[in-house]
Amino acid sequence: MGRIVRLDQNMVNMIAAGEVIERPASAVKELMENSIDAGATAVVVTVEDGGRKLISITDNGEGMDRDDLAAAFESHATSKIRDTSDLSGITTLGFRGEALASIASIAHVRAVSRTPQSDQANCIEIDCGDRQSVGPCSGDVGTTIQVRDLFYKTPARRKFLRTANTEMGHITEQFTRIALPKDQLGLTLIHNGRELYRLSGSLALRQRIAQLFPMLEADDLVEASTDEKGIRIRALLGHPSTSRTNNRFQYAFLNGRFIRDKFISHAIKEAYRGLLEPNRFPVVFLFIQMPYDEYDVNVHPTKTEVRFYNSNLVHSQILATMREKLLGTDLHMPARLPS
Ligand code: ADP
Ligand code: MG
């Protein structure tokens with residue numbers, strides 16, 4: 001008799017959760033992304049105890065009907081892609097169909113959802129993979145997902161949770177990464193009953209930056225934009241004198257998705273060459289729009305890494321956009337630029 005057995009589905013989901021849901025902030029990211037993919041114009045994020053006790057996300061998006069609400073928590077279940085050809089041009093933030101199944105395998109989840117066509121909401125409860133109930137309940141159009149006691153049956157993971165303050169720092173960072181490129185979206189973040197951010201969907205990007213980063217002088221950021229060779233770039237650039245000792249204030253977004261990319265980091269560094277002391281990092285907000293089929297996001301489960309098919313072009317466009325602006329702006333810096 002062989003020793004190999006196929007793991008049951010709940011085990012599979014729990015293992016997958018290890019990749020996607022590292023800490024409460026990862027659940028916040030996945031749920032907020034789902035709200036955006038559902039076309040929400042307003043999202044409220046409520047957390048308690050740094051997300052360890054409760055994460056609750058309410059949106060006014062398209063909602064789910066009863067069947068979809070049940071299917072949403074199956075693993076590899078998604079409404080966003082259908083076949084392999086869809087993988088080469090993903091326009092949504094999600095597509096793997098794993099987040100809800102993963103979260104529901106390691107927490108107590110309650111979801112309420114209602115479509116605009118229905119006068120009744122439906123509700124489902126799942127406790128660490130155990131479906132407890134699904135049925136009609138009251139609720140507005142849109143979706144609310146509540147996640148309680150993340151990792152309460154996975155002590156190995158729970159051990160790695162940090163203090164509420166630290167976890168809240170990670171949540172705020174995820175919230176910021178989602179909020180920056182979505183300046184049309186109303187977003188609220190509440191922790192332990194206290195409102196940390198209330199971002200209106202009708203203010204300019206610069207004001208959103210000012211709200212998220214009160215410590216930066218958002219008005220002083222220099223703005224550059226180009227639209228060439230199929231790549232649209234909008235960059236808000238910090239004065240060299242506001243540079244930092246780390247890259248915490250460098251944000252890059254590709255078609256509304258926060259990404260980390262070594263070509264982009266390099267282009268930023270090059271653009272400021274000669275303007276900064278060694279080991280200093282400029283404040284940079286970079287928004288890139290380009291065709292969805294010119295890069296691959298299916299690189300890592302958290303999707304913060306992408307592969308550009310023409311990374312040289314992306315690099316040179318970013319560098320040129322930023323460099324030209326920086327050199328053409330009176331930065332009140334001593335003239336010591338390299339030729
Ligand atoms: P993915 O986002 O990769 O499709 P998820 O597990 O995050 O996978 O979600 C599964 C499905 O549940 C989504 O494809 C979507 O159809 C539905 N869904 C999840 N969250 C929402 C929401 N807030 N509003 C409407 N539909 C949702
Ligand atoms: Mg998702």
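This is a predicted model: local features need pLDDT of at least 70, side-chain atom pairs count only at pLDDT 80 or more; totals for chains, interfaces and linings use all residues.
Modeller: Local features need pLDDT of at least 70 and side-chain atom pairs count only at pLDDT 80 or more, while totals for chains, interfaces and linings use all residues. Residues are numbered from 1 along each chain as its sequence is written, with chains lettered from A and ligands numbered from 1 in the order in which they are written.

Biologist: What makes Asn34 part of the shell around ligand 1?

Modeller: A residue is near a molecule if its C-beta atom, placed from the backbone, lies within 6 Å of it. There are 23 residues around ligand 1, and Asn34 is among those that come nearest, with Ala38, Ala72, Thr78 and Gly94. Helix H2 (24–37) and helix H4 (99–105) each supply at least two residues of this shell; helices are DSSP runs of H or I with at least four residues, strands runs of E with at least two, numbered from the N terminus.

Biologist: Why are strand E5 (130–137) and strand E8 (194–199) said to stand at the edges?

Modeller: Two strands pair if DSSP finds at least two bridges between them. The open sheet has the order E5-E4-E3-E6-E2-E1-E7-E8, with mixed pairing. E5 and E8 each have a single partner strand, so one side of each is left without a neighbour in the sheet.

Biologist: How do you know that strand E1 (residues 42–48) is joined to strand E7 (residues 186–191)?

Modeller: Six bridges join E1 to E7, against a requirement of at least two; therefore the two strands pair. They run parallel, and Val43 has Leu187 of E7 as its bridge partner.
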